[in-house]
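Reader: Could you take me through a few of the labels used for this structure, and what each one rests on?
Author: Gladly, let's look at it together.

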Amino acid sequence: MATPGTAEEQQPLLGEQGPGSSQWDIVETEEHYRSRWRSIRILYLTMFLSSVGFSIVIMSIWPYLQKIDPTADASFLGWIIASYSLGQMVASPIFGIWSNFRPRKEPLVISIFISVAANCLYAYVHLPLSHNKYYMLAARGLVGFGAGNVAVVRSYIAGATSLQERTGAMANTSAAQALGFILGPVFQTCFALIGEKGVTWQAIDLQLNMYTAPVLLGALLGVLNIVLIFALLREHRVDDSGRQCKSVNFDEASTDEVQDPQESVDQIAVVATNILFFIILFIFALFETIATPLTMDMYAWTREQAVLYNGIILAALGVEAVIVFMGIKVLSKKTGERVLLLGGFIIVLIGFFILLPWGNQFPKIQWKDLHNNSIPHESSGQRVLYFWKLSTGNSSEAPTGCPMEQSWCLSTPVIHLAQFLVAAILIGMGYPACNVMSYTLYSKILGPKPQGIYMGWLTASGSGARILGPVFVSQTYTYLGPRWSFSLVCGMVLLTIMLLGAVYKRLIAFSIRHGRVQEEA
C-alpha cells in the first residue's frame, strides 16, 4: 500500500488499475513509487526555499542599502531588485542544459550552494570601506543565479510524473512557490524584533541584526536542502503512461525501462506557450509594481500607508493563489488544462478592464511649493482646479495626492478603491491559473524527453517578463497615466487570448498528439 500523501499521489500502483485501463499495464513497485514521490516532495521544498530566498529580504533591502552606502539612490535600488531576475534569466538555460545530460543532483546542489554563498556575501556587504552597494548588487544577482534551478525542479517533476499525475504535481509546485513568497516577508517581520544594531560576533566580523538574520536563515535552510537532496533525491523518469524511461540521468539500471520516443515535439506549441507564459508574468509583475504608486496617487495614501495596505493586499493575493492552485487540481480533471488557461486570461482581462478610470471624480492633486488655499469644486462634470495647502519647511509630513508633475492627474478620473480591490481579486485569481496551466501544458507538450533546456527557456522568459514589466509600466504610467497603461494591458491580453485561440488545438500532450493515449472527452 502506498504511503499517505496528497490526492494525486494516492493513485493505485501502476498495473493495479481496474479493467479497461490497459494503458497502465506496466507495474510500478511500491519501493519505486515511494522513492519517486519522496524525491518530488524534496523538490517542492527546494521550490519553496527558492521563493523564500527572494522575498525574505525584499522589504528590508532599501533601508539596509541606505545604511551601508549613503550614495545609493532609489534608481540603484531598482537595479538591485532587477538583478535577481537577471541572474535567474541567465542561469535557467545553463542549469536546464546541464540537467539534460547529467544527474539532476549536480545542478541542484551547485545552484543551492551558489545561493548559500550569495546569502553569506549579503550578510557581509557592510564590511568594505566603499562601493558597498555594488557588493549588494552582486549578492542579489548571485541569489537569482542560484534560483535558476527552478528550471531543473520543474523539468524533474515533469519527467517523473505521468499525465494523470502531472497537473496535481505542477499545482503543488506552484503552491510551494507561492507559499514561499508569502512567508518570506513574515520571516523578515519576525527578525525585525532583533533591531538594526543586533549583536556582533567579533571573531568573524558578523553582525546579526534585522537585515542579516534573514539571509543567514536562508543560508542555513539551503545547507539543509543540500543534505536532503544528497540523502533522499533519486533519479526518476517516466513516460506519459507512467512507465520508467531510460536516460543519462539514471544512476540505477532497470529492466523495465523504455527508450525515449523518436517523434518530434510540436515547436509551434512550444513557442506559443513561452509567449503565453511571458505575457502572464509580464502583466502580474506590472500590477505588483504599479500598486503602490497608483494607490498613493489615487487615494492620497502616505508612504507608510501604501506599504502597509498594499502589503496586506499582496499577502491576501498570495493566500488566494494557494487556494486557486489547490482548486485547479480538481477542476482540471473536469475541464482540462486549456479551458482553465483560457478562463484565467479572460479573468485577468476583466480585472484590468475594471481598473480603467471612469466618471467625473478626480484624484486629489499634490501641489508643491504653493501656500494659497481654496475649496475643491466640481460642477456639471467639469474639473475646476484647486489648491491643497501643503505643509512645507518645518513639517515632517510628505505631501500626498497625485503629483502635479504627472500632467494626466488633471484630466484622469479617480480609480475608486472598490474598483482596485475587485480588480486585484480577479487578477489574483486569473494569474495563478494561467501560471500553473502554462507549466503543465508545456511539460505535456514536450512529452517524456528530457525537458531541462526547454524548462530553462521557459523560466528565462518569465524572468525577462519580471524585468520588462516594471520598466514598461513605470514609463507608461508616469507619462500617460493609468487609462493608457491599463488600456495597453487590456489590448495585450486580448491579443494573447487570440493567440491562444489560434494554437488551442495544438496545446495537447505529446502522447495524445502521436496517438499513444486517447484524449479524454
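Author: Helices are DSSP runs of H or I with at least four residues, strands are runs of E with at least two, and both are numbered from the N terminus. Ala502 is found in one such run, helix α14. This is a predicted model, where local features need pLDDT of at least 70, side-chain atom pairs count only at pLDDT 80 or more, and totals for chains, interfaces and linings use all residues. Residues are numbered from 1 along each chain as its sequence is written, and side-chain values use heavy atoms, leaving out hydrogens and water.

Reader: Why is Ala502 called exposed?
Author: Buried means under 20% relative accessible area, exposed over 50%, and partly exposed in between, with a 1.4 Å probe and protein chains only. Ala502 has 64% relative accessibility, so Ala502 counts as exposed.

Reader: And what makes Trp484 exposed?
Author: Trp484 also lies in helix α14. Its relative accessible area is 52%, so the label is exposed.

Reader: How do you know that the span of helix α9 agrees with its number of residues?
Author: The expected span is 1.5 Å times one less than the number of residues. Helix α9 has 33 residues (267-299) and should span 48 Å; its end C-alpha atoms are 47 Å apart, so the two agree. Just after α9, Ala300 takes a positive phi of about 55 degrees.

Reader: How far apart are Ala502 and Ala272 in sequence and in space?
Author: They are separated by 230 residues in sequence, while their C-alpha atoms are 9.6 Å apart in space.
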